[in-house]
Amino acid sequence: MLKLNVNGRSHTVDVEPEMPLLWVLRDHLNLRGTKYGCGMSLCGACTVHIDGVAVESCSLPVSEAVGKKILTIEGLAKRDLHPIQAAWIEHEVPQCGYCQTGMIMSAAALLDKKPRPTDDDIDAAMTNLCRCGTYARVKKAIHAAAEMRALPGAARKGTAS
Amino acid sequence: MTITLSRRDFMKASAAIGGGLALEFWFPVAAKAAGGVSSTEVNAWVVIHPDDRVVIRIARSEMGQGSYTALAQLVAEELDCDWAKVSAEFASPNEHIRRKRIWGSMSTGGSMGIRGSQDYVRKAGASAREMLVAAAAAQWQVPANECSVDKGVITHVLSGRKLRYGQVAGAAAKLTPPSDVKLRDSKDWKIAGKSMHRLDIPDKVLGKPVFGVDVALPGMLHASIAQCPVFGGKVKSLDARIAEKMRGVKKVLREENFIAVIADSWWRADQALNKIVVEWDVGAHGNASNETIAAMFREGLADPKLPQARKLGDTDAALASAAKVVEAEYQSPYLNHATMEPQTCTAWFKPDGFLEVWTSTQNGEASLAVAAETAGLPQEKVEVHKMMLGGGFGRRGGSQDFVRQGVTIAKSMPGVPVKLMWSRQEDMQHGFYRPASMVRMKGGLDAQGKLVALHTRIACPSILAVLMPEAPLKDGIDFSAVRSFNDAPYEIPNQQVDYARRNGHVPVGFWRAPGQQNAFYRECFIDELASAAGKDPLDFRLAMLRAGDKNRLVLEAVAKAAAWGSPMPPGLHRGLASIDGFGSYTAMVVELSVSAKGVAKVHRVIVAIDSGYVVNPDTCRAQAESNVVYGLSAVFQQENNVRNGRIVESNFHNFRLMPLPDMPKVETVLVPTGGFWGGHGEPAILGIAPAVCNAIFAATGKRIRSLPLKHHDLRKA
Ligand code: FES
Ligand code: FES
């Protein structure tokens, strides 16, 4: 039995310690917003936060996530949408959307580290792959989210219903 | 048993077993009968709730291209409802069959989603509006033409009385639909033609489980699959003793051409699959390779008796008397679609004899037919739930292999839902690839540098021969193999296109803009001819296009937007391409640099598109951006090589997708001229390969006649 803290809730799972966190989330905890794209740390579709850092969950044995704070896309929006999510809607970033939850988690981690990222910061941090080619809008929306967050009390569009 | 009932079954099952995380599931449909007040189907496309919410049914699939929203816009425009109250749901394939194909085509390919259904979906909206107005007029006992509508509120103009759509929907549904309706002129559009926010995006940014791979059902098991690595091969023997004992494994399935493991999680199924020792009977193609395939194409090109896909004038004579003859051979590799979501299908043979299927499909009706055939059930006893697609690009329409497998696997476990998902490696190595091909072109210029003859020989697999072997092909000519040559708009008096249909054993399919490799060949060769004639590439093309030709209009539009002919900043170079397809006309300018080390970087892409009409400008721009990236990945990096009969590449390390830092600035110039409906999902990919390669010639003096670019030394000649 392994104890996990996911999105602020604790869960006990009976799985092999080497099972990648991705599959624990998807098939055992039914948190299916985190996606499988390659299984080899190549695409970023499976990105989650571990203690605030963006990590590819397809390559992280679940045992290594024990005792850490795991945040998935399902836990990103609090009462309001996260500014990244709001900017994503405003700038119509997703196309098929499959890579986007990973994309959003990477972008959210970037903003935590660099509240006003430059284009170069974005290029370096956003290694997620998108087959639909949403990159230009990803960049634009990250800048927009950074601005949104910098304005105190800025109106956030949408709700996390 | 109707689908409504079966959906309710799931709801009950979910509630009974305790709700919460463990049994949460999700359907991409509007909740039925919220609060016990039921909605009304005014017609097959339009459902109205008492509180005025409008649900618009969508028959085509949503794979990122945006037609889920754009089709709803077209219906809502004619319906005159309040866009803020509109949501969409997929039409049920089962109901489609039972109601005699009431939703027209469910096929989602060829950039046909909007242009192939705009007429009947707009009429459905207009017809529903008339019925709603007639119902209100009848209630007031006034003539319908004394009523007006604004955002779903009907007003009797003289008396000022008002009724909302939600109040009259029930009465309207009982009326006979009008036999004919008038559609709105696009200049009067209020909802269509505007960049409405896409209806599917909010769920996607929250990570709601909307995709085929996200299906979860009570008691569901998971399957991972391995097919014979050599196409056409079969299972000879297998040793699954270790796999069978692994944790969570429920079954090892052996079929004629694949093996699968069914387990209680996908990872466990896949781990066990990798522990199975399989011996494959690889069949006749175990030695096929890039070399044998190239030899097959060369043999085809040398065939003296090829069918002709176009013959105008006398190319032999014109070439013999030409002042200058230019010849070149071009080729391209196989390409996988690499949809970000791998192929997937969930199937459940239910105790009541009904089969339910959930899948990411570009054609719900085709999925239903394949599922029924595989199950041995009448189509009425099968439902296909259309999920959002994690990319399609042509992989999930004509080829329904994943449905056949998913249903076969679930059939071995009656009563238990099983979700099949392919691993990335399986997906990479068992695609329906963009055909590899080889062409030889010969062009003749007269003394004034005018192109007087073009003879093209094309060796290319036929996609239809693989996906629709029964389709009648005139002279064996597959349009997707000869397009852009057999219908080139340039006024060249002597043209001949010969087609060598050479299929080989690699399955080919519709890869975004099928036949787009011909755009690369043609538009690069036109550049070669322009330079042999000593002409500017733009002038050379314009001189071959009649006044009023729509190709001419987009060329002029892109030239203007890119300031073609103006001096470039040092180090930057331009390339041009003009090409039509999928109902639209496009022209593209690429600006790139090539470093001293030979590294090419695309800085800016300007694309002009005339699609006749534009339903959602922002979505159209997104599609242009998408096509540019999809195209650039192929141009720079991608290829699927064949060795020992199998595909060499296995994942994104050796089949690379363009990463974010390489994203150029994309400027989309929409120039809709009206009078026809063109597509947006594919046209903008057509110009990218030739425009890039023509810019590389401008930068380096090197002609690129094969892709991907990674094999070329781009240091200045
Ligand atoms: S699935 Fe984890 S990086 Fe691709
Ligand atoms: S939005 Fe489709 S893969 Fe990124």
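Two strands are said to pair if DSSP finds at least two bridges between them, and strands (E, at least two residues) and helices (H or I, at least four) are themselves DSSP runs, numbered from the N terminus. The legends below describe a predicted model, in which local features need pLDDT of at least 70 and side-chain atom pairs count only at pLDDT 80 or more, while totals for chains, interfaces and linings use all residues. Residues are numbered from 1 along each chain as its sequence is written, chains are lettered from A and ligands numbered from 1 in the order in which they are written, and side-chain values use heavy atoms, with hydrogens and water left out.

**View 1. A strand pair in chain B.** Strand β10 (residues 249-254) of chain B and strand β11 (residues 258-263) of chain B run antiparallel to each other and pair over five bridges.

**View 2. The interface of chain A and chain B.** Contact, meaning heavy atoms within 4.5 Å, involves 54 residues from chain A and 64 residues from chain B. The buried area, which is the accessible area (1.4 Å probe) that two parts lose on being put together, summed over both, is about 4,900 Å² for these chains, with 59% of it on carbon and sulfur atoms. Between chain A and chain B there are seven salt bridges, a salt bridge being a side-chain nitrogen of Lys or Arg within 4 Å of a carboxyl oxygen of Asp or Glu. One salt bridge links Arg247(B) with Glu16(A), where the closest N and O atoms are 3.8 Å apart.

**View 3. The side of chain A that touches chain B.** At least two residues of this side come from each of β2 (9-13), α1 (21-28), α2 (83-90), α3 (100-113), α4 (119-125) and α5 (135-150) of chain A, and α5(A) supplies the largest share, five residues. Sorted by class, the residues of this side of chain A are 28 nonpolar, eleven polar and 15 charged, where Ala, Val, Leu, Ile, Met, Phe, Trp, Tyr, Cys and Pro count as nonpolar, Asp, Glu, Lys and Arg as charged, and the others, Gly among them, as polar.

**View 4. Domain 1 and domain 3 of chain B.** The assignment for chain B gives domain 1 (7-205), domain 2 (212-283 + 343-421) and domain 3 (290-335 + 433-711). Between domain 1 of chain B and domain 3 of chain B, whose centres over C-alpha atoms lie 40 Å apart, the contact takes 20 residues from domain 1 and 17 residues from domain 3. These two domains of chain B bury about 1,300 Å² between them, 58% of it from carbon and sulfur atoms. On the domain 1 side, Ser111(B), Arg115(B) and Ser195(B) lose the most area to domain 3 of chain B, together 37% of what that side buries.

Notes: Domain bounds come from an automatic or database domain assignment.
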